[in-house]
Amino acid sequence: MRCPPAVIIDPTDPGRNAGGAAISLESLSKMKMLSKIFLSSPPSEKFFSMVQPEGEIFGGSRDSTFALFTLPRPDEIDDVIYPQAVRLRNILMGLLSREGFLPIDSEVLVNERVQILVECERGGTLPRIKVHEGPPVDSKNAMDFYAKWKGRRRLRGGPYIRGGNRLYVDVERSEVGLEEVVRNGLRQYNIGAHLNRLRDSLEIIITAEPDSGMEIFRKYLSRQIWP
């Protein structure tokens, strides 16, 4: 079982970690690094401001693809919606990674709408063929993998062994576009009670040109520990 990054005992329920959902490893790491910067810097009130100044936006071509996913915002407070938005971000990152779009990083913004921005190394369309990795040949599952894939309709090559002792097959993708991969893939995930009801309203914008006029692009492109 993975240990949470921070444990805050709930005063009314000693068995509950009040910091489990609220404090991520990323947030804790930012706090640690900012503490080091604070201790090594001249005294300044800026460290105690609730509003962090916007960092420099690094422009120019990135030769990547941005996918912006937006949903209507449910009529709930941020404490309810934001964890579900983060869950959606994590699902999208995992889905795009498994399918081969090579996501670089992402950003979440919850205001009038729920917005998830993902930057990918690969563009909006994948090759029709996908290499599917199987078990090692000395694994007890090797024959199961062989029997499962041999002669299947989606099979376009294999089973074969490549550069070692692991089995592989070449299969035909059922979806090759980023948008269709995401729309079909999201159906099998539980995003959260409020966002599940809105998944059919998901809007997807795919672009190679980041729009620094949009808040979520500015937030992503100006990310720094401290400006």
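Let us start with helix α3, residues 142-149, where A142, F145 and W149 are buried; buried means under 20% relative accessible area, exposed over 50%, and partly exposed in between, with a 1.4 Å probe and protein chains only. These three residues cover an arc of only 65° around the axis, which puts them on the same side of α3. That arc is taken from the directions from the helix axis to the C-beta atoms. An α-helix has 3.6 residues a turn, so residues three or four places apart point the same way. On the other side of α3 you will find M143, D144 and A147, which are exposed.

A word on the ground rules. This is a predicted model, in which local features need pLDDT of at least 70 and side-chain atom pairs count only at pLDDT 80 or more, while totals for chains, interfaces and linings use all residues. Residues are numbered from 1 along each chain as its sequence is written, and side-chain values use heavy atoms, leaving out hydrogens and water. Helices (H or I, at least four residues) and strands (E, at least two) are DSSP runs, numbered from the N terminus.

What do the buried residues of α3 pack against? Their partners are β6 (129-136), β7 (155-161) and β8 (166-172), where contact means heavy atoms within 4.5 Å. These strands form an open sheet in the order β6-β8-β7, with antiparallel pairing; two strands pair if DSSP finds at least two bridges between them. β6 and β7 stand at the edges, each with a single partner strand, so one side of each has no neighbour in the sheet. The twist averages 15° from one strand to the next. α3 packs on this sheet, and its direction makes about 150° with that of β6. For such angles, axes are lines fitted to C-alpha atoms, for helices over the stretch in contact, and angles run from 0 to 180 degrees between N-to-C directions. β7 and β8 are joined by four bridges, and I161 has L167 in β8 as its bridge partner.

Now move to the open sheet of four strands, in the order β4-β5-β3-β9, where the pairing is antiparallel. Its edge strands are β4 (103-110) and β9 (203-207), each pairing on one side only. Seven bridges link β4 with β5, residues 113-120, and V108 stands opposite I116 in β5. Helix α2 (residues 78-99) packs on the sheet, touching β3 (65-72), β4 and β5. Helix α4 (residues 178-186) also packs on the sheet, touching β3, β5 and β9.

Finally, look at the aromatic rings. The whole structure has four aromatic pairs. Rings of Phe, Tyr and Trp (its six-membered ring) pair if their centres lie within 6.5 Å; planes under 30 degrees apart count as stacked, over 60 as edge-to-face and the rest as tilted. F66 and Y220 form an edge-to-face pair, 6.0 Å centre to centre with 90° between the planes. F66 lies in strand β3 and Y220 in helix α6 (residues 215-221), so the pair ties together parts that are 154 residues apart in sequence. Both F66 and Y220 are buried.
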